[in-house]
Amino acid sequence: MGFSVSASAAIIFISFLIAASTLYTAWDSSYSNVQAAQEGWYELSLSRLHFNLNNVGVTASGTSDVNVTFRYLGQSISGGITILHNGGYVSTVDLGYLIPGNDYTVTVASGADTSGNLNYVLLGFDNGCTLLVSYHYDTTNSNYVVDGYAIQCPTEVS
C-alpha cells in the first residue's frame, strides 16, 4: 500500500509550514540582534559626543597614593575606569555609573612623587574616552598642582 495523494500533499504542506516558521524565527532573532547592536552603537556614540569633565584635581592620599578628582558632565554611562600612571598599568576600578553633575575620586596607587617631577595619569572610561592629567608636586606649598588635562574620545571613520 502507500500513502494517498492527499496525505502526501498534507505532509509536504506541513513540512513547508514548519520550515517557514523555523526560518521566520531565525530571521526575527537575527533582526532583533541587529537592532540591539544599532541601539548600542547609537548610545555609545552619544556618550562619546557628550562626554565632558571639569574641576580636575590631584591631591595626596596617604604617603604613596594620589587621588584624581573630577566632575562628570556627560550623559550617564557605566563607571568602569582603567588607570595608567606614567605609562604603566595601575588598576581598574568600577564606580557603578557616572551621573552628570556628580564629583568622583579615583585613587592612583603609588602615584605620589614629591620630587617635583612631571607625572601623568591616564583614565580610560568604558565608552572609550580618556582623561590625561599632568601634575607635579609643588615643594614650596607642599601640594600637588595640575599642570593641565586633556579629554579625548574616539570618533568614527567613514
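Biologist: What does the side chain of Asp138 reach?
Modeller: The backbone nitrogen of Thr140, at 3.1 Å. This is a predicted model, where local features need pLDDT of at least 70, side-chain atom pairs count only at pLDDT 80 or more, and totals for chains, interfaces and linings use all residues. Residues are numbered from 1 along each chain as its sequence is written, and side-chain values use heavy atoms, with hydrogens and water left out.

Biologist: Where is Asp138 found?
Modeller: In strand 7, residues 130-138; strands are DSSP E runs of at least two residues, helices H or I runs of at least four, numbered from the N terminus.

Biologist: Is Asp138 buried or exposed?
Modeller: Asp138 is buried (under 20% relative accessible area; exposed is over 50%, partly exposed in between, with a 1.4 Å probe and protein chains only).

Biologist: And which side chain of opposite charge is nearest to Asp138?
Modeller: Arg71, 24 Å away, and Asp138 has no salt bridge (a side-chain nitrogen of Lys or Arg within 4 Å of a carboxyl oxygen of Asp or Glu). Lys and Arg count as positive, Asp and Glu as negative; His and the chain ends are not counted.

Biologist: Switching to rings: how many aromatic pairs are there in the whole structure?
Modeller: The search finds 8. Trp27 and Tyr31 form a stacked one, 5.5 Å centre to centre with 15° between the planes. Rings of Phe, Tyr and Trp (its six-membered ring) pair if their centres lie within 6.5 Å; planes under 30 degrees apart count as stacked, over 60 as edge-to-face and the rest as tilted.

Biologist: Where do Trp27 and Tyr31 lie?
Modeller: Both in helix 1, 4 residues apart, about one turn of the helix. Tyr31 is partly exposed, at 42% relative accessible area.

Methods: Polar contact = N/O pair within 3.5 Å; in protein donor to acceptor, adjacent residues only side chain to side chain.
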